[in-house]
Amino acid sequence: MSDQLSAWQLILYGDPTLFAIVRLSLAVSLFAVVLAALIGMPLGALLALTRFHGRSVLIVLLNALMGLPPVVAGLAVYLLLSRSGPLGALGILFTPAAMVVAQTILIIPIVAAPTRQTIEDLWGEYRDELSAMGVGPGGRMMTLLWDARFSLLTAVLAGFGRAAAEVGAVMIVGGNIAGFTRTMTTTIALETSKGDLPLALGLGLILVTIVIAINAAVWGTRIWAERRVG
Amino acid sequence: MRFGVWSIALIGLLGVTLAGAAATAEDRSIVVASTTSTQDSGLFGYLLPLFRAKTGIDVKVIAQGTGQALDTARRGDADVVFVHAKSQEERFLAEGFGVKRFDVMYNDFVLIGPNSDPAGIRGKDIETALRAIQAKAAPFVSRGDRSGTHAAELALWKLAGIELESAKGPWYREIGQGMGAALNTAGAMDAYVLSDRGTWISFRNRADLAIVVEGDKRLFNQYGVMLVNPEKHPQVKKDLGQAFVDWLISPEGQAAIAGYKIDGQQLFFPDAEKKGS
Amino acid sequence: MMRAPLSDLPLVIDQVSLEAGAARLLDRVSLTIAPGPPTLIIGPNGAGKTSLLRLCMGLVSPSAGRVTWGGRADHAPERRAMVFQRPVMLRRSAAANVGYALAQAGVPRRLRAACGAELLERVGLADLAGRPARRLSGGEQQRLALARALARKPEILLLDEPTASLDPAASRSIEEIILMAAQSGIKIVMASHDLGQVRRLAGDVIFMLRGTVHERGTASDFLETPSTPEAAAFLRGDLVI
């Protein structure tokens with residue numbers, strides 16, 4: 001990345017390195033949030049709708065894991081994926097795939113815990129009607145998840161925000177390799193440690209702007225969809 | 001339902017992007033565990049494209065402190081290590097994790113401090129300087145991260161006859177981070193800090209800092225490179241890794257190292273032996 | 001889903017009690033519900049009307065006693081449906097709500113559109129098929145709930161004070177639909193607070209008090225000449241404790 005130019009000039013001149021970094025950041029976090037939603041939402045719904053021994057413990061744990069420090073998640077995934085670790089044979093350490101894995105683990109509780117609460121509340125409201133219509137356990141889960149989709153979207157956005165913002169996990173499992181696993185956040189950390197604070201700050205503002213734009217787009221979509229289906 | 005199709009397409013696109021990023025680099029690439037000083041000074045940004053142009057091999061650099069880099073290699077997560085703490089490197093070799101150690105280049109350490117020089121050490125030799133810092137309890141930032149620079153710093157305290165464990169006080173601040181972070185912190189605290197010259201020259205947030213002690217023979221900083229032992233970790237890419245090692249110590253690689261300059265100043269000085277050591 | 005060779009009726013409730021914690025919602029209730037004109041359930045609040053209906057719908061299980069459908073023990077009825085006082089609309093269009101009910105009732109996909117349209121027509125919501133169900137008025141939502149219930153082609157339709165929150169015009173359209181359903185052979189069992197409604201719709205009346213069936217009789221008999229003093233008091237409009 002050109003040393004002398006500020007972050008905004010890089011955008012204007014279409015610096016390819018910067019675009020590659022932005023693209024990687026978005027790809028990793030979006031992929032992770034989609035995976036986390038696919039896993040976390042059914043998990044949360046299941047927890048909301050079933051009763052078993054230790055359910056309360058699991059709920060408390062899930063809520064607590066929303067605060068899992070990214071660097072801890074990164075460390076755990078690193079040890080798993082290291083060549084000396086159990087999953088070393090996969091050979092995905094220091095690749096974007098490992099970054100997706102780490103961020104997915106980070107986001108799952110952030111999606112699952114609010115899902116659990118939302119679905120539990122909704123079930124209280126829908127219980128009689130769905131039972132009267134003869135809906136079985138599987139159908140119950142799908143119907144509630146679909147009906148709660150706008151509320152759950154907020155949980156998904158929270159998960160995406162966390163993923164896009166974190167640096168601890170992707171730094172450890174990705175290695176911040178130039179041109180390969182370097183994301184916006186790790187670049188900001190790097191430029192800070194090289195002493196180029198204006199560039200780091202500029203990149204930070206770019207990151208925040210992108211995240212705001214994504215949130216705005218999702219909000220707009222939600223408004224449009226709500227208008228259509230109430 | 002069209003929304004569903006769109007989202008699947010999006011997911012597919014993302015997946016392909018990520019897979020592609022993984023796949024293309026997989027073929028002819030190696031992982032080199034190196035130090036923050038070689039990264040933060042910009043040396044790799046300069047060298048690696050030259051190496052790639054010559055051999056088509058992609059070098060993926062993980063920049064950590066020397067201690068951490070060697071540990072990464074011990075775990076088999078790197079193919080080559082390129083660090084600057086000879087005693088730690090020799091221990092690594094003795095444990096059987098490295099194949100052979102080669103000198104590659106050197107530069108020197110410099111003692112950085114605030115322009116106001118509260119300990120009054122400008123121009124002195126390093127021993128005197130450190131003793132003065134400790135005596136006056138002037139703020140001092142230490143890397144504290146088992147890096148090559150940290151190891152050198154500890155060795156210099158010992159040389160100055162100071163038993164750090166007992167002499168440590170609030171003036172001695174261990175931050176456990178890389179060279180750039182240490183310089184940032186020293187600038188913000190108006191503290192002294194030991195740095196390698198390469199990182200200092202390329203560092204841009206100097207605040208009120210300047211070089212206060214340099215040129216002392218004991219501030220010599222040697223870099224070495226080793227191929228990780230494939231007998232310990234069979235998946236190490238030994239041919240590609242050896243190619244990198246060979247290039248670094250070849251006349252061509254050595255000339256490239258000498259050719260890296262910032263503002264006309266050379267940062268690293270090649271010193272590989274003409275034959276392998 | 002037109003084949004139902006065996007009937008779910010008569011519904012026989014035998015000495016059924018229903019407890020929730022310390023409260024006894026139903027106390028040794030015995031009654032039989034057979035095909036015929038609508039049965040209306042009346043009584044003061046807390047008498048057990050809702051509990052009885054929920055029991056019939058299978059939303060709760062008896063703490064004691066037995067419920068037998070169609071004369072067969074251990075037979076879970078399929079062709080029953082229920083409409084609640086405040087219906088819950090799914091977050092989708094009116095037509096999709098009915099489609100959902102049809103799907104749950106086992107109607108094959110290719111028939112759902114036609115059945116759904118016919119049901120919406122029957123309840124007078126054909127024009128609002130595409131409207132998000134949550135944005136319908138109270139009366140329209142209740143009609144949609146009826147459509148969903150009728151989608152199950154029920155033999156017995158249970159309703160828990162369906163017009164309690166509706167204005168007279170909306171109430172009238174609900175009552176019309178209920179009458180049409182009754183005339184098509186569906187057994188109506190409905191809790192009501194409105195004695196006028198009882199007069200309009202009832203074939204027979206069940207008067208509940210404190211979790212028991214206090215009196216039962218044909219509409220004309222019960223309303224003109226109730227046998228028990230409590231029933232008489234209730235019909236007069238007194239508060240019956």
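This is a predicted model: local features need pLDDT of at least 70, side-chain atom pairs count only at pLDDT 80 or more; totals for chains, interfaces and linings use all residues.
**Notes on helix 5 of chain A and its surroundings**

1. The axes of helix 5 and helix 7 (residues 149-165) of chain A come within 9 Å and cross at roughly 155°. Because angles over 145 degrees count as roughly antiparallel, helix 5 of chain A is roughly antiparallel to helix 7 of chain A.

2. Helix 5 of chain A deserves a look along its whole course. Spanning residues 96-132, helix 5 of chain A bends by about 60° at A:Tyr126. Helix 5 of chain A is also mostly covered, with 28 of its 37 residues buried. Just after this helix, A:Gly134 takes a positive phi of about 75°.

3. Now to the neighbouring chains, beginning with chain C. Twelve residues of chain A are in contact with 18 residues of chain C. Which element gives the most to the side of chain A that touches chain C? Helix 5 of chain A does, with six residues. By class, the side of chain A that touches chain C divides into five nonpolar, three polar and four charged residues.

4. The contact between chains A and B takes 24 residues from chain A and 28 residues from chain B. On the side of chain A that touches chain B, the elements giving two or more residues are helix 2 (16-49), helix 5 and helix 9 (184-193) of chain A. Helix 2 of chain A supplies the largest share of that side, four residues. The residues of the side of chain A that touches chain B divide into 13 nonpolar, eight polar and three charged.

5. Finally, a word on chain B itself. Chain B has twelve helices and twelve strands, and 48% of its 277 residues count as buried. Among the contacts in chain B with a separation of 6 or more, 76% are accounted for by residues 24 or more positions apart.

Conventions: Residues are numbered from 1 along each chain as its sequence is written. Chains are lettered from A and ligands numbered from 1 in the order in which they are written. The bend at a residue is the angle between axes fitted to the seven residues ending there and the seven starting there. A residue is buried if 20 or more other C-beta atoms lie within 10 Å of its own, exposed if 12 or fewer, and partly exposed in between; C-beta atoms are placed from the backbone. Two residues are in contact if their C-beta atoms, placed from the backbone, lie within 7 Å. Ala, Val, Leu, Ile, Met, Phe, Trp, Tyr, Cys and Pro count as nonpolar, Asp, Glu, Lys and Arg as charged, and the others, Gly among them, as polar. Axes are lines fitted to C-alpha atoms, for helices over the stretch in contact, and angles run from 0 to 180 degrees between N-to-C directions. Angles under 35 degrees count as roughly parallel, over 145 as roughly antiparallel, 65 to 115 as roughly perpendicular and the rest as oblique.
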